[in-house]
Structures are given as structure tokens and as C-alpha cells.
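Thanks for making time this morning. I would like to walk you through one chain, and I will start by putting it on the screen.

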Amino acid sequence: PRSLTTRLVVSTVALVAGVSVLIALTVTLSMRAYLTDRLDDDVRASLGRAFLGPGRDFGGAPAPDGDRQADRGGQGVGTVTAALDSTDGYGTVIADSDRGPAELEQLSDEALDALRTTPADGGVHGVRLPGLGDYRVVATRSGPETLVAGLPSDEVDRIIGSMVRAEALLTLLGVAIAGVAGTVVVRRQLAPLREVAGTAHRVAELP
């Protein structure tokens, strides 16, 4: 009976753990897909605000400091915009500033080269920008130039990371509860079997 109890409890705990992992994986993948779709919509809207709004021009030299701080075209911190051709280009990123409002900072040549690899198909793609991190970017052709806009994906990664940690903790807690509860229930259900086994053992010892 003791060996049977162990096997039943282990089987129950394994079943609970497997179902919990499957549910957690499904929820995590679904949430990541949802958040990524939301981010991709924001990236497309960012491209429209950057290059279709009035007075927007990211293809030339940066404006004076005061103008850079005053007009961000409704874009959020971390937004990347660039106008590129095959050999040259210019791009900016909206960065936090310890001195006050966020400012437009010029992108490095390495970041521009990474953006230049983005297919200009109107779809949103993932890219790692040196010095900035992982981004979701969209590119489209406009005459001889490729117009690019992107947003950082670190917020999605942070949310998913928090979800995974919470799911792992809940899974471990569920497995522990299943182990304790399973042991109690199985032992109670097998109590008559133990009594029968004890009686059979005593009978077997009789002359």
C-alpha cells in the first residue's frame, strides 16, 4: 500500500504540473502575441505621425535645442525615426533628459545600418539597434528614400518576464498543494486496503 500511495501521489502531482505548465505556456504565448500586435499598431501609427504630419522632417540636420524639446510630433520616449537611402541617411531617437523634457538625439551610424536592413514592405519587423536595444520597426519607400519608424519592445519583454515568474511561482505552489492534498486523500482512500493487507499478513503467520 505504501508503494501504491507513492505511485498515485506522484502520478497526480505530475498531471497537475503538466496541465499547469501547458496552461501557463498558452497564456504567455497568447499575451505576448496580443501585446506585440498592440505594439505593431503603435509602430505603424508612429510612422504616420513622423512623416505624414505637418512640418515633420527627419531627413536633415537637427533643430535647435529649444525646438527639439518643444515638438516631438506626439511621439513617445524611445521612438526611432529615420530617412535613409542606399548610402546616406539621418535618424533620431526621443530620449529622456535629466535636464527636463525629452530630446531628439541623432542615431549612430551603427543604428542606421541596422535600420537599413529592415525590409521596406510596410510590415513590422524586429531589429536590435546598437546602443538602444530591441525594437519593432516598420519601413516604407518614399521616392529614393526609405522611411523608418520604430518603438522599443522592452516593455513587452518586461511584462512577459513578470508573467513567467508569476506563473512559475504559482505552478510550484500548485504542485506543492497537489502533493500534500494527494497524499492525504490517497492515504485515506487506501486505509481499507491497508487493513486487509494487515489481516492477510496476520493470517499468513498462523500455523
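Residues are numbered from 1 along each chain as its sequence is written, and side-chain values use heavy atoms, with hydrogens and water left out.

The chain has five helices and six strands, where helices (H or I, at least four residues) and strands (E, at least two) are DSSP runs numbered from the N terminus. In sequence order they run α-α-β-β-β-α-β-β-β-α-α. Of the 207 residues, 32% are buried, meaning under 20% relative accessible area, with exposed over 50% and partly exposed in between (1.4 Å probe, protein chains only).

On confidence, pLDDT is the predictor's own score for each residue, from 0 to 100; the chain averages 81, and 85% of the residues score at least 70. Where pLDDT is low, the predicted coordinates should not be read in detail.

Finally, which residues form a nonpolar patch on the surface? They are Leu15, Val19, Ile23 and Val27, with about 350 Å² of accessible area together (Shrake-Rupley method, 1.4 Å probe, only the protein chains shown counting as cover for residues). Val27, found in helix α1 (residues 2-52), counts as partly exposed because its relative accessibility is 38%.

How values were computed:
This is a predicted model: local features need pLDDT of at least 70, side-chain atom pairs count only at pLDDT 80 or more; totals for chains, interfaces and linings use all residues. Patches are made of residues with over 30% relative accessible area and no salt bridge: like charges are joined within 9 Å, nonpolar side chains (Val, Leu, Ile, Met, Phe, Trp, Tyr) within 5 Å. A salt bridge is a side-chain nitrogen of Lys or Arg within 4 Å of a carboxyl oxygen of Asp or Glu.
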